[in-house]
Amino acid sequence: MPFRLGLARVRHDWNRHAHADPLWAILTDPQKKGGGWDPESFFATGVWEIDGILRYAATLPVEFGRKRALDFGCGAGRLTRALAAHFEEAWGVDISPAMIELARRYTPAGRFVVSQDPSLTALPARDFDAFIERANVGVVPGWIVFVVGVIFNAAIFVFAIGTLRLREATGEV
């Protein structure tokens, strides 16, 4: 499948999710399917997750800034909203214009960019103090190039794939 065609399909699918059941598409708790997430509970999961990541990061022998954080594949801004409480700037980038519209509505303090360009030239800089990615890079062909570029600049890098299945198995969800 040609690269652009793959991105167009991913964008189409996430736009469809944004109109159907956006919060469940991002955080697939079986009990919340069909519009079962209320926004307050949904965004509270992001606060819990980001607070936990930052608590853990504080135990590491590395200092990191609190200027700019990037939520890659931000969807409706669940993690971007939580990052905004800890960083001067919380950026969210997503391939879906419909998801970015939701993110802007739910998180006015965030800065959001629609991009289907793996170089992410729509962002003002690649200088982020934290980079959060939750199971998106493997879904969008070509983005791994950007991820590698950011790793070397970010003091906190969180890359998680398949954590929901692990959380379901351990009963955390």
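Modeller: Glu-89 counts as buried because its relative accessibility is 10%. Buried means under 20% relative accessible area, exposed means over 50%, and partly exposed lies in between (1.4 Å probe, protein chains only). This is a predicted model, so local features need pLDDT of at least 70 and side-chain atom pairs count only at pLDDT 80 or more, while totals for chains, interfaces and linings use all residues. Residues are numbered from 1 along each chain as its sequence is written, and side-chain values use heavy atoms, with hydrogens and water left out.

Where does Glu-89 sit? Its place is strand E2. Strands (E, at least two residues) and helices (H or I, at least four) are DSSP runs, numbered from the N terminus.

Now its surroundings. Set aside residues up to four places away in sequence, and Glu-89 touches Lys-67, Arg-68, Ala-69 and Arg-111. Touching here means contact, that is, heavy atoms within 4.5 Å. The side chain of Glu-89 also makes a polar contact with that of Trp-91, at 2.9 Å. A polar contact is a pair of N or O atoms within 3.5 Å; within protein, one must be able to donate a hydrogen and the other to accept it, and residues adjacent in sequence count only if both atoms are side-chain atoms.

Next comes charge. Side chains of opposite charge can pair when their charged atoms come close. Lys-67 and Glu-89 form a salt bridge, with their closest N and O atoms 3.4 Å apart. This pair links distant parts of the chain: Lys-67 is in the loop between H3 and E1, Glu-89 is in E2, and 22 residues separate them. Salt bridges that share partners join Lys-67, Arg-68, Glu-88, Glu-89 and Arg-111 into one network. The term salt bridge means a side-chain nitrogen of Lys or Arg within 4 Å of a carboxyl oxygen of Asp or Glu.

Lys-67 also meets Glu-88 in a salt bridge, at 3.9 Å from N to O. This pair, too, links distant parts of the chain, 21 residues apart. Lys-67 lies in the loop between helix H3 (39-58) and strand E1 (68-72), and Glu-88 in the loop between helix H4 (78-83) and strand E2 (89-94). Glu-88 is exposed, because its relative accessible area is 66%. Lys-67 counts as partly exposed, at 39%.

A search of the whole structure finds seven salt bridges. One of them joins Arg-9 and Asp-13, with 3.2 Å between the closest N and O atoms. Both lie in helix H1 (residues 3-20), four residues apart, about one turn of the helix. An α-helix has 3.6 residues a turn, so residues three or four places apart point the same way. Asp-13 counts as buried, at 17% relative accessibility.

Back to E2 and its partner. E1 and E2 pair in the parallel sense over five bridges. Two strands pair if DSSP finds at least two bridges between them. Asp-71 stands opposite Gly-92 in E2. Five of the five residues of E1 are buried, so E1 is largely enclosed by the rest of the structure. Both of its faces are covered: Arg-68, Leu-70 and Phe-72 are buried on one side, Ala-69 and Asp-71 on the other. In a regular strand the side chains alternate between the two faces of the sheet.

His-86 counts as partly exposed because its relative accessibility is 24%. Leaving aside neighbours within four places in sequence, His-86 is in contact with Ile-50, Asp-51, Leu-54 and Arg-66. His-86 and Asp-51 are 35 residues apart in sequence, and 8.8 Å apart from C-alpha to C-alpha.

Finally, the whole protein. There are seven helices and five strands. Of its 173 residues, 46% count as buried. Among contacts with a separation of 6 or more, 60% come from residues 24 or more positions apart.
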